[in-house]
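Here is a short note for a colleague who is new to reading structures. Please keep the model open beside the text.

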Amino acid sequence: MTYKQYRQYLENHLSKNRYEHTLRVYDTAIELAGLYNADREIVEQAALLHDICKCESDDVLIHKIKQYNIDESLLTFNKELWHGPVGAHFVQDVFQITDETIYNCMYYHTTGREKMTVEELVIFVADYIEPGRNFPGVEEVRELAKIDLKRAAFQALKNTLIFLISKNATLHPNTILAYNDLAK
Ligand code: DGI
Ligand code: FE
Ligand code: FE
């Protein structure tokens with residue numbers, strides 16, 4: 001499929017806000033890829049597709065977690081964490097996107113993980129700092145992203161963990177592993 005066809009699919013399957021977020025992540029990710037020498041084609045596809053399953057219903061996401069044999073422990077965590085792993089498998093299944101780096105960028109875009117590649121870091125940080133975001137502390141992460149991608153990812157993870165703890169939310173192990181890895 002061409003870039004235009006992916007965009008068409010996304011426009012038909014995402015809410016307007018989510019589609020516009022996706023385009024902003026795409027632009028931000030391309031900028032970061034240039035700054036940090038990440039693979040531009042991989043980053044473009046992963047950024048464009050990262051939230052492809054974000055607007056699916058809970059029932060559809062649960063069905064796909066089972067269909068794709070994704071670790072079902074995911075279901076014991078917040079629903080917000082389901083769309084990344086499902087999306088990573090969905091693009092393999094439906095668009096025959098077999099690239100492992102794209103899969104990992106998509107799979108781990110919400111939680112992060114230990115030993116993220118530069119492409120994974122680009123998607124993770126772009127998703128956090130795209131110009132439509134207004135999280136407390138996002139401006140600091142935007143500044144860090146210009147000088148040190150890992151420090152930017154660390155600060156984003158730290159902000160997310162503090163936010164989740166303040167809400168008494170569960171912490172996914174990969175979020176903690178990513179934080180620990182970057183804290184070193
Ligand atoms: O899909 P987006 O909104 O663009 O962004 P995302 O995929 O990064 O999802 C953000 C949400 O995920 C946000 O509400 C915080 C939540 N989140 C991230 N890490 C964890 C988490 N939620 C829980 N419960 N546990 C985590 O470790
Ligand atoms: Fe997402
Ligand atoms: Fe996103």
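The points below go from the overall fold to the metal site and then to one arginine.

1. The model is predicted. The protein has 10 helices and zero strands. Its C-alpha atoms fill a box of roughly 35 × 35 × 30 Å along the principal axes.

2. A compact globule of 184 residues would have a radius of gyration near 16 Å, and the protein has 15 Å, so the two agree. Buried residues account for 50% of the 184. Of the contacts with a separation of 6 or more, 59% join residues 24 or more positions apart.

3. The protein exposes about 9600 Å², and carbon and sulfur atoms supply 49% of that area. There are 20 positive and 27 negative side chains, with the centres of the two sets 4 Å apart.

4. Which residues coordinate the iron ion (ligand 3)? They are H21 (NE2), H50 (NE2), D51 (OD) and D127 (OD), at 2.2 to 2.3 Å. H50 sits in the loop between α3 (40-49) and α4 (58-67), while D127 is in helix α7 (residues 118-129), so this pair ties together parts that are 77 residues apart in sequence. H50 counts as buried because its relative accessibility is 0%, and D127 counts as buried at 9%.

5. The iron ion (ligand 3) lies 3.6 Å from the iron ion (ligand 2), and D51 coordinates both.

6. R18 belongs to helix α2 (residues 16-36). Is R18 buried or exposed? At 18% relative accessibility it counts as buried, because the cut-off for buried is under 20%. Apart from neighbours within four places in sequence, R18 is in contact with D51, K54 and C55.

Notes:
Residues are numbered from 1 along each chain as its sequence is written. Chains are lettered from A and ligands numbered from 1 in the order in which they are written. This is a predicted model: local features need pLDDT of at least 70, side-chain atom pairs count only at pLDDT 80 or more; totals for chains, interfaces and linings use all residues. Side-chain values use heavy atoms; hydrogens and water are left out. Helices (H or I, at least four residues) and strands (E, at least two) are DSSP runs, numbered from the N terminus. Buried means under 20% relative accessible area, exposed over 50%, partly exposed in between (1.4 Å probe, protein chains only). Contact means heavy atoms within 4.5 Å. Donors are N, O and S atoms within 2.8 Å of the metal (3.2 Å for Na, K and Ca); water is not among the atoms, so sites may look incomplete. The radius of gyration is taken over C-alpha atoms; the globule rule is 2.2 Å times the number of residues to the power 0.38. Accessible areas come from the Shrake-Rupley method with a 1.4 Å probe; for residues, only the protein chains shown count as cover. Lys and Arg count as positive and Asp and Glu as negative; His and the chain ends are not counted. The place of a charge is taken as NZ of Lys, CZ of Arg, CG of Asp or CD of Glu.
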